[in-house]
Amino acid sequence: MIDRTAVIAALDAVVDPKSGQGLVAAGLVQGLTVAEDRAGFVMEVPAGETAIYAPVRDAAEAALKSIPGMARVSVVLTAETAPAAAPRRTAGLSKAATDQGRAKAPVATERPAHVKRVLAVASGKGGVGKSTVAVNLAAALAKLQRGGRGLAVGILDADVYGPSLPTMLGLSGQPDYVDGAIVPHVAHGLKAMSVGLLTKADDAMIWRGPMASQAITQMLTQTRWGTEDAPLDVLVVDLPPGTGDVQLTLIQKTPLDGAVIVSTPQEVALADARRAHTLFQRVNVPTLGLIENMSGDVFGRGGAEAEAARLGVAFLGDLPLDAALRQAGDAGRPLVSAEPDGDVAQRFGAVAARVAEGLGL
C-alpha cells in the first residue's frame, strides 16, 4: 500500500517555479487520490501558464513513479478560467433566477486539432444505454466507406464519474504522453480516450464540476486524435447523462457539429430527452435526431419516433433490447464488430449512415 505521507513528501520536493514552494505547500495539488499502487491529482494553474508548468507536471509524475511500489501515476494539468464579473443587484428577482436554465450560445474556443467533425451522443437521463449506443455507433461509422476507405473515427468517454469505455472496448493501461500530447489507445478500429484509463475501475472520482470539466477539456484538446496528413473524420463524444455543469461547459468550449439524443421509448425517459434537445437548441448545436434504444416489449415501441416528430428533428432509428448487445459490451467488443452481419449491426449501420449524412461526411 502506497503511503499518503510519502506521496505528499515527494510532491513537495518538486518546486513551484513561481512561489519557490513545494507543490503541496503552493496549493497546486488538487483532488489527490492515493490508492494501493497508484496516485493522481489535478494541477490547476493560471490561464496561459500551462507551458510553464508542463515540465513541473512531468517532474511530479517522475517523483511519484520513483516511490517504491508505485505502478500507476496520473497528473492532469489544467488551466483555470477567469470568473465572470458579478452582476449588479436590482430589486425583484436576480438575473440568475430569471435566466435559470437558459444556457447561452457557446463561445467555442478549443476545437481538437486535426478533427473534421465532433459529434455528441447525449441523453437526458442515465440508464438508457447511451454509452452502449455511442460505442457501437462509433464502430458503425468507422465501417462507412468514403472515398474508397472507412471513416477515421475516435471516441471520447466524457463521463468522468462513470467511465465505461475501457470495459466496452476491452482497454486497460495508461495512454502514452508523447511530445506534449496524449496518445489514444486504438481498439476495434477506433481511437479511444477515457478518464477510466487513468484510474482503477473501482475508484470514485471525487471531483467538483470545474475540475471534471477541465479534465474533459484536456482529454479532448490534448489528445492526438489525428495528424495533418491523416485527420480524424469524426470524434464521437459520449457525454455524461443530464444537462448539468459538465455538459454545458463542454458544449460551450467545444465546437460541436451535431448531437444525437438516446432515449428509451417510455415517457419518463422522453421527458428528459426533451430537456437535452432544449439545451442543444439554446447553445445553437443542431440535434441530428433521436435514437430509440431498448425498443421492445419491456419499454414499448415508437415513443422516440413520435417524440422526434413533435420536436421537429429526424428519427434516426430504433435498437432492440437485446442481450447480445449487453454481453458484447461486457466482453469488451462492440456487437457491431463482433457480429457485423447481425440484425443489430445492420440497424447501427443504418443509423450511422443517417448521422454521417447529417454531419456532411
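Let's start with Thr264, which at 2% relative accessibility counts as buried; buried is under 20% relative accessible area, exposed over 50%, and partly exposed in between, with a 1.4 Å probe and protein chains only. This is a predicted model, where local features need pLDDT of at least 70, side-chain atom pairs count only at pLDDT 80 or more, and totals for chains, interfaces and linings use all residues. Residues are numbered from 1 along each chain as its sequence is written, and side-chain values use heavy atoms, with hydrogens and water left out.

Back to Thr264. It sits in the loop between strand E13 (258–263) and helix H8 (267–282). Helices (H or I, at least four residues) and strands (E, at least two) are DSSP runs, numbered from the N terminus. The side chain of Thr264 makes a polar contact of 2.7 Å with that of Gln266. A polar contact is a pair of N or O atoms within 3.5 Å; within protein, one must be able to donate a hydrogen and the other to accept it, and residues adjacent in sequence count only if both atoms are side-chain atoms. What else does Thr264 touch, leaving aside neighbours within four places in sequence? Val128, Ala269, Leu270, Asn293 and Met294, where contact means heavy atoms within 4.5 Å. Thr264 also lies 7.6 Å from Gly303, C-alpha to C-alpha, though the two are 39 residues apart in sequence.

Now the whole protein. It has 12 helices and 15 strands, and 50% of its 361 residues count as buried. Of the contacts with a separation of 6 or more, 75% are between residues 24 or more positions apart.

Next, the interior. A nonpolar core is a set of buried Ala, Val, Leu, Ile, Met, Phe, Trp, Tyr and Cys residues joined through side-chain atoms within 4.5 Å. The largest one has 77 residues, and Leu119, Leu141 and Ile155 touch the most other members. Helix H4 (residues 130–143) gives the largest share of this core, 9 residues. Not counting residues up to four places away in sequence, Leu119 touches Leu137, Leu141 and Val234, among others.

On to charges. How many salt bridges does the structure hold? There are 13, a salt bridge being a side-chain nitrogen of Lys or Arg within 4 Å of a carboxyl oxygen of Asp or Glu. One joins Lys130 and Asp238, with the closest N and O atoms 2.6 Å apart. Lys130 is in helix H4 and Asp238 in strand E12 (residues 232–238), so this pair ties together parts that are 108 residues apart in sequence. Both Lys130 and Asp238 are buried.

Another joins Glu307 to Arg274, the closest N and O atoms being 2.8 Å apart. This pair links helix H9, which holds Glu307, with helix H8, which holds Arg274, 33 residues apart.

Asp318 belongs to strand E15 (residues 315–320) and Arg347 to helix H12 (residues 343–359), 29 residues apart. Salt bridges that share partners also join Glu267, Arg274, Glu307 and Arg310 into one network.

Last, the outside. Val298 is in the loop between strand E14 (287–295) and helix H9 (303–311). Val298 is exposed, with a relative accessible area of 62%.
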